[in-house]
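Please read the following report alongside the sequence and the model.

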Amino acid sequence: MARTILHLDMDAFYASVEVRDQPELRGQAVIVGGHPTRGVVLTCTYEARAFGVRSAMPMIEAVRRAPHAIVVPPRMKAYAEASAQVFAEMRRITPLVEGLSLDEAFLDVTASLGLFGGTGEAIARLLKARIREETGGLSSSVGVASCKFVAKVASDLRKPDGLVVCFPGDERFFLAPLPIERIFGVGPKTADLLRRHGYFTISDLQEAPLAKLSRVLGPRGANHVVRLAHGDDGRAVEPGRAAKSIGSESTFDRDRIGPRALHEPILRHCEEVARRLRADGLAANALVVKVKYADHSIVTRRAVADAPLVETKELHALALELLAKIPLERVRTRLVGVSATDLEPAGRTQLELFGQRPEKLGAVLDAIEDKFGGGTIRRAGGR
Ligand SMILES: [Mg+2]
């Protein structure tokens, strides 16, 4: 059955939140980023992009390109709040929302069409308007198509405040003129390789004999690329990642006495939880510490984090604060556990923190720590 998929992406999200909250920034080149010489750009306004500033660009380069730009430190808590509003609006339309980051998601609205005006375009308009209203003016771009790949391509075509529809059956024509890099999985290296063999646009790939393309990309790669080039992407929208919690706990061989004896196991559990958060691309907005006493009674303490947590040391700092609120002096404990809850897709900042390039991790952390003396990202005090 034909599906109607939306891809929604907020426009210059962090920067737009800053402009919303500081109206004097409107119309200015604004960069959300860290340390002026060692940090990276997290996001910037379109006015800054006009000068060639891009996300993940070193700050030193960004400031060289746009010396007049206003640099604003990141406020993850504000972005997480706006993100929660955006996701709430999407879930009013359909439960089939798959978050990709704080500001980006796929929605399968096939079953919601009857309820909201009959077309994907009508739903996209409604959603954009509601998000603007609820978030105090933030704009988004939406792509509407019969599959995820084409919807994602479409949302990016007319940013900011875009709404692009690819009607079922038009996928080939829609994709044909676009450069090959638009294809999911075709990075700069593959694109160079393809160009050396004469493939420049998606239309070149649509017309390529599979056998010939297989000699360049291998049979699997060629198959993948040709299918997407034809707008053939059967992947389902997979919701629900944000609902679960991730926990780790252990029962001791022998009861432990006093709080200090729990510090080491708490650290191990935080490491395990952080590892699984990373594996699932998630961040936690709250943390729970659980203790079971020798008499089997259970005490838990929960705290909401100032900013979404992804790292062991963030989780650990908050876990120790929670542990301090549990009566443990001269008490025998048989089990201790940590669980991360109120999960959400990790935002770009967090993904950068554990991206493939460790030097970037250092840069972002340094940037934020230098600027705020161990503030924003690391601080995780509950209340
Ligand atoms: Mg975005």
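At roughly what angle do the axes of helix α11 and helix α12 cross?

## Basis of the model

This is a predicted model, in which local features need pLDDT of at least 70 and side-chain atom pairs count only at pLDDT 80 or more, whereas totals for chains, interfaces and linings use all residues. Residues are numbered from 1 along each chain as its sequence is written.

## The α11 and α12 pair

The axes of α11 (residues 263-280) and α12 (residues 312-323) cross at roughly 135° and come within 9 Å, where axes are lines fitted to C-alpha atoms, for helices over the stretch in contact, and angles run from 0 to 180 degrees between N-to-C directions. The two helices are therefore oblique to each other, a class left over once angles under 35 degrees (roughly parallel), over 145 (roughly antiparallel) and 65 to 115 (roughly perpendicular) are set aside.

On the α11 side the meeting residues are I266, L267, C270, E271, V273 and A274, and on the α12 side T312, L315, H316, A319, L320 and L323, contact being C-beta atoms, placed from the backbone, within 7 Å.

## The chain as a whole

The protein chain has 14 helices and twelve strands, taken as DSSP runs (H or I, at least four residues, for helices; E, at least two, for strands) numbered from the N terminus. Among contacts between residues at least 6 apart in sequence, 65% join residues at least 24 apart.

## D161

D161 lies in the loop between α6 (148-155) and β8 (163-165). Leaving aside residues up to four places away in sequence, D161 touches D11, S139 and S141, and its C-alpha atom is separated by 5.6 Å from that of S139, 22 residues apart along the chain.

How values were computed
Contact = placed C-beta atoms within 7 Å.
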